[in-house]
Amino acid sequence: FLFVSAVEVKIEVVIPEKERSKEEMSPNGKASPLIYKVNGTARHYHLEEHPIASNPYHNPKDVVEASVCHVKDLENGQMREVDLGCGKALLIKESGEFHAVGHKCPHYGAPLVKGVLSKGRVRCPWHGACFNISTGDIEDFPGLDSLPRFQMKIEKEKVYIRASKQALQTQRRTKMMAKCISLSNYNLSSTNVLIIGAGAAGLVCAETLRQEGFSDRIVMCTMDRHLPYDRPKLSKSMDSHPEQIALRPKEFFRTYDIEVLTEMHVAAVDIKNKTAVFKDGFKMEYNKLLIATGNTPKALSCKGKEVENVFNIRTPEDANRVVKLATSKNVVIVGASFLGMEVAAYLAERAHSVSLVELEEVPFKKFFGERVGRAVMKMFESNRVKFYMQTEVSELREQEGKLKEVVLKSGKVLRADVCVVGVGAVPATGFLKQSGINIDSKGFIAVNKMMQTNIPGVFAAGDAVTFPLALRNNKKVNVPHWQMAHMHGRIAALNMLAHGMEISTVPYLWTAMFGKSIRYAGHGEGFDDVVIQGDLDELKFVAFYTKSDEVVAVASMNYDPIVSKVAEVLSAGRTIRKRDVE
């Protein structure tokens with residue numbers, strides 16, 4: 001556990017009891033039925049926090065009230081899951097005050113009682129989302145919804161919670177949002193806010209604008225056929241259909257007047273005339289622009305790369321098609337990236353054979369270090385995945401147009417009915433080349449801590465940007481992960497509204513393979529040592545990544561909630577020294 005004092009940080013590692021978390025099979029964040037509609041008259045206005053009325057529940061039959069404990073049952077800094085008969089709540093005591101909120105993380109349903117409580121917020125043990133314990137509001141990501149907050153009272157030294165049955169059952173709350181004042185007055189070819197890209201960054205930007213009372217037109221455009229969906233699921237649960245992994249249902253976008261143009265390809269941005277030019281010639285003027293186009297997977301450059309049944313996993317259709325083609329057949333995966341490894345794990349029990357080709361000697365070596373990489377590799381080998389390391393593909397051979405064999409530079413020939421390519425990605429920013437927006441030599445858009453580009457009114461977010469990371473002395477970094485894209489979208493929206501908000505979040509990510517998860521927080525780029533506690537062979541460990549004397553990142557398996565604890569310490573701006581973890 002982490003003990004934090006003003007002077008030093010001591011880390012004592014305690015192995016938790018064995019737990020089989022069901023997080024990968026958990027439900028997705030779907031929109032809450034508790035939706036508030038707010039109509040305003042001013043173009044931009046701020047929603048007032050409504051004081052709690054003595055009876056905020058319209059239907060008394062929908063309300064339950066229960067005594068949950070004695071005031072002395074909980075110490076300061078303790079959390080307890082309490083049952084109200086028709087659902088549970090999380091009871092928290094901090095600084096002598098009691099709070100009650102939903103007990104499950106709205107992202108994938110993690111039990112928050114196993115998370116980390118620190119300075120007025122609770123952090124999810126699985127994926128690091130943070131919630132304010134007074135309001136239930138989401139403060140760090142992933143996920144879109146907040147926690148319901150329940151009324152409390154103390155009578156005769158007993159603690160009572162009063163809650164709506166509906167909130168106890170849904171365990172999520174969508175924040176109040178504004179609507180667009182009058183869509184009918186708009187010129188079709190102009191919008192106040194244009195968002196290019198409909199991933200996590202684009203969606204969170206649009207939702208944050210509405211939550212902050214912005215009531216003008218918002219248009220999101222995407223090359224995808226679908227409304228925003230849970231992209232990490234494409235490689236972790238490959239047979240998911242688009243509607244199963246949708247981040248919000250269609251009605252949500254209608255209710256809050258967030259217009260989504262699907263299958264629309266922006267070809268250029270004219271910053272002088274504040275106009276986006278689409279491939280089909282359509283033009284749209286904007287007042288504020290967010291570029292959140294993500295990245296484009298790299299293709300193979302070898303002979304035969306155009307044969308059939310070779311895939312980059314880019315869409316739900318790609319993932320579904322691969323599963324169908326791979327079932328009881330031979331699969332070759334090129335690249336031991338997060339995507340490549342997750343696909344290999346998913347297909348291992350479905351395919352006849354899974355072979356993985358990688359240039360490095362160990363998977364994840366640059367990211368998790370050699371020892372963790374080897375432990376993961378062993379887990380894969382015991383699940384029938386065969387590795388071909390330190391080689392690459394020289395040719396894809398076909399029979400009647402379809403893939404038949406993958407030839408390696410080592411001379412080895414692998415039978416293959418389907419091939420998945422996971423050799424990295426490049427930022428999808430080619431359309432900005434002549435725009436005047438600052439792009440570095442690798443194609444990343446450079447932004448400041450407010451997600452602003454060098455052009456006033458133009459913001460960028462997500463996988464396609466480099467930004468100053470507070471955690472690493474404001475070094476400009478690219479963090480192509482789901483949680484960070486959410487936070488970028490939020491910061492961009494707040495600064496479109498001139499809030500002057502700077503990003504300071506700690507990167508948090510996870511990967512899931514064979515029902516096990518590796519969680520990771522921080523930014524380990526350039527680490528020079530790894531301090532490992534626990535047992536790598538048993539896949540029950542925590543790894544601290546250090547650079548000179550400082551811990552810059554942490555990874556764990558079967559060791560919750562250590563990664564969330566470290567993330568909380570780092571997000572408080574504290575330094576963890578190497579000696580604290582040795």
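Reader: Anything to know before we start?
Author: The model is predicted: local features need pLDDT of at least 70, side-chain atom pairs count only at pLDDT 80 or more, and totals for chains, interfaces and linings use all residues. Residues are numbered from 1 along each chain as its sequence is written, and side-chain values use heavy atoms, with hydrogens and water left out.

Reader: In what order do the three strands of the open sheet stand?

Author: The order is 5-6-7, with antiparallel pairing. Strands are DSSP runs (E, at least two residues), numbered from the N terminus, and two strands pair if DSSP finds at least two bridges between them.

Reader: Which strands stand at the edges?
Author: Strand 5 (78-83) and strand 7 (97-101) do; each has a single partner strand, so one side of each lacks a neighbour in the sheet. The twist from one strand to the next averages 25 degrees, taken between N-to-C directions of lines fitted to C-alpha atoms, on a scale from 0 to 180 degrees.

Reader: How many bridges join strand 5 to strand 6?
Author: Six, and strand 6 covers residues 88-94. Gln 78 stands opposite Lys 93 in strand 6.

Reader: New topic. What do strand 18 and strand 19 form?
Author: A hairpin with four residues between the strands, where Lys 274 in the turn has a positive phi of about 50 degrees. Four bridges join strand 18 (residues 266-270) to strand 19 (residues 275-278), and Asp 270 has Thr 275 as its bridge partner.

Reader: And what stands opposite Thr 275 in strand 20?
Author: Glu 285. Strand 19 and strand 20 (residues 283-291) pair antiparallel over three bridges; in their hairpin, Gly 281 takes a positive phi near 100 degrees.
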